[in-house]
Each structure stands twice: as C-alpha cells, then as structure tokens.
Amino acid sequence: MSASASESEAEEAPDLVCQLDNVQGMVDTFTTVRWKRHQDAVVELSEHGVVLIVEETGCLQAKVYLQRELFVRYEFKGHGRPRFGVSLGLFVDCLNTFSVPGKSSVIEIQYPGPDMQLLVKSVDSLESCIYAEIRTRIPDTVSWDYNFEPAGSTPISFTVKSAALKEAIDDLEWPGSSIQISLQPNPPTVTFRGEGHGDLQIDFTYYVNTDLMAAFQCDRQVSYRYKYKFLRATTSNIPSTVIKENRGSKLTIGRGGLLKVQHLVSVARPTTSHPRIDSAGYQQPSRIAYIEFFVKPEEDEDTTYD
C-alpha cells in the first residue's frame, strides 16, 4: 500500500518547484527580452536550470538562462526537458506584484499546477501570502534554431560598456532604417553607421579608451547590416542595475553575419556590500542570469572584405 502511494505521489509530483530570493532581479532579467507589449515566450525546464525563449519573425531571438545555482531551492522531477508557453508580459507583471522596493522577497514557483498552470506564491511571511496562477499553453515550435559558428579561426567580437552600447544604438535611430556594424583590425575599431534623412557614424576605438571598450578580437575587416528595430531590441530594456553597476555587453559576429549580443543581469539578493566587478564589467561571484540575443543580418549586402 505504501509503495503504491509512493508511486502515485511520484506521478503527481510537479516537474519543478523552485524558490528565488530576488524577485526584482528576475523582473529585470525578463524585462530585458521584452521588446513589445504583447509577447509570448517558451519556457524550458531541466535539471540544470530554466531557459526562457522569445523570438520575432525568424529574424530575432533571445534566450534567458537561469542556472539552478541562482535559486535558493531547485527541485526538478520532470522527464527530459518539459516546455510550456506563457505570455511574457503577464509573467513579468505577475512577478512585479511580489517585488517590494527595499525588501528582499522570497517566492516559490511551481509547474505544473492541477490544470497545467504556472503557480507563484510568496513564502517569506507567516502572516500573509500572495498567490498567483498563470495560464500556460502548448508551446509553439521555435521557428528557427541558431547554429552559431565562428566566422573564422579568430572570433570576431568586442566587449563594450552596456550604457555606451545602448546610447549609441539609441542615437542611430532612423525610422525603418538599417544599421551597419563594421570592424577593422588596424586600428582596432568598431563602427556603427546609420542612414536616413542624413547619416550618423559612431566609432569605438580600442586602446583609446579601455574603460569604454574592454576587449576586442578581429583579424580582418567585416561589415554587416541589421534592421534597426531588431538591433534596438537587444538594448532597449537593459535594466538600470546593469547601467549603474557599469557592466559590459559582449557582441560577437558569427558565420554569415549572425550577431550575438550577450548581457549579464544580477539576480543576487540585495546587500549593503559592493560586489566585485572585473575589468570587463562582469560581476563576480556569479549569481548572474545570462541573456543572449541573436540577430540575423540583412541578406542583400556584400558584407565581408578580404
């Protein structure tokens, strides 16, 4: 009888029960990949952590990686990698209700509930409890899967302060336009160029200001064009905490011009001490959420120069 009961409990056990002690960090992380009001996301669960995926018309994709070490409790009992779809805006708005300014709130997230809901509740108070249920759906198939490969023997990449990257892309706004990103090894320079009613060019030169550009790798001249609206989505919602803590963002150009933009967002519990920041603007130790954007280039451009 007890063995049968144990088997029944195992079958009914949720795929995931986890607890997090920095709700605002989670809100900041998911807001980074929310580039429009109504946006759906696919959430993938595994023993290693949680991955949230959003995409736009096969041209832009973003992934948020939340490793299990970021959670104060992480119990995964699912089979394989369970997936579910959810409204990203609804999820962020729901999490916001659990975030109290100046206070570190602990929440518990469970999936699935009795009707395949995503369940969220506060667990840090004996006097009161906030509880929410979010309807999920069968996830859509991700329309394209990136195969990010290096463009050559030397990776083409650079790391620049997130605030400077956001400011540069904001300044290059032309309605319906494209942005050309060019790199050259000598002198080591990254150029952002936008065209519209006029044209504007912004240069980041390595060695001139290493506080602004922390790293640069390029062994040949390359140039690709990207739709402005997709490029802007990679920086438009960078959290103020990233700007305040002076972190860096890494951009890498892969084979065919596929652009990867990487940000790091802290989900560490707020403390009065100051975390150690390395020269690239990356926080140590790593209670960090990893965010990656993938942007496809425009196809009608002769983009590489030998």
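**Reading the terms in this model**

User: Where does P112 lie?
Analyst: P112 lies in the loop between β7 (107-111) and β8 (118-122). Those labels come from DSSP runs, numbered from the N terminus: helices are H or I with at least four residues, strands are E with at least two.

User: What kind of model is this, and how are residues numbered?
Analyst: This is a predicted model: local features need pLDDT of at least 70, side-chain atom pairs count only at pLDDT 80 or more, and totals for chains, interfaces and linings use all residues. Residues are numbered from 1 along each chain as its sequence is written, and side-chain values use heavy atoms, with hydrogens and water left out.

User: Which residue other than glycine has a phi near 65°?
Analyst: M116 has that positive phi. M116 is in the loop between β7 and β8.

User: Why is M116 called partly exposed?
Analyst: Buried means under 20% relative accessible area, exposed means over 50%, and partly exposed is in between (1.4 Å probe, protein chains only). M116 has 43% relative accessibility, so M116 counts as partly exposed.

User: What makes a nonpolar core, and how many residues does the largest one have?
Analyst: A nonpolar core is a set of buried Ala, Val, Leu, Ile, Met, Phe, Trp, Tyr and Cys residues joined through side-chain atoms within 4.5 Å. The largest has 76 residues, and F30, L183 and F192 have the most contacts inside it. Helix α3 (residues 88-96) gives the most to this core, with 5 residues. In soluble globular proteins, nonpolar side chains tend to be buried together.

User: Which residues is L183 in contact with, leaving aside neighbours within four places in sequence?
Analyst: Contact means heavy atoms within 4.5 Å. Partners of L183 include I156, F158, V190, F216 and I253.

User: Why are D93 and R34 called a salt bridge?
Analyst: The rule asks for a side-chain nitrogen of Lys or Arg within 4 Å of a carboxyl oxygen of Asp or Glu. D93 and R34 meet at 3.7 Å, N to O, so the pair passes. D93 lies in helix α3 and R34 in the loop between α2 (23-32) and β2 (40-46), so the pair ties together parts 59 residues apart in sequence. D93 is partly exposed, at 42%.

User: What makes R137 and D40 a salt bridge?
Analyst: Their side chains meet at 3.7 Å, N to O. R137 lies in the loop between β9 (131-134) and β10 (156-161) and D40 in strand β2, so this pair ties together parts 97 residues apart in sequence. R137, at 28%, is partly exposed. D40, at 45%, is partly exposed too.

User: Where do K166 and D170 lie?
Analyst: Both are in helix α4 (residues 162-171), 4 residues apart, about one turn of the helix. K166 and D170 form a salt bridge, with the closest N and O atoms 3.5 Å apart. Salt bridges that share partners also join R73, E75, E108 and K121 into one network. The count comes to 14 salt bridges.

User: How do you know that D15 has no salt bridge?
Analyst: The nearest side chain of opposite charge, K77, is 10 Å away. Here Lys and Arg count as positive, Asp and Glu as negative; His and the chain ends are not counted. D15 is buried, in the loop between α1 (2-12) and β1 (16-20).
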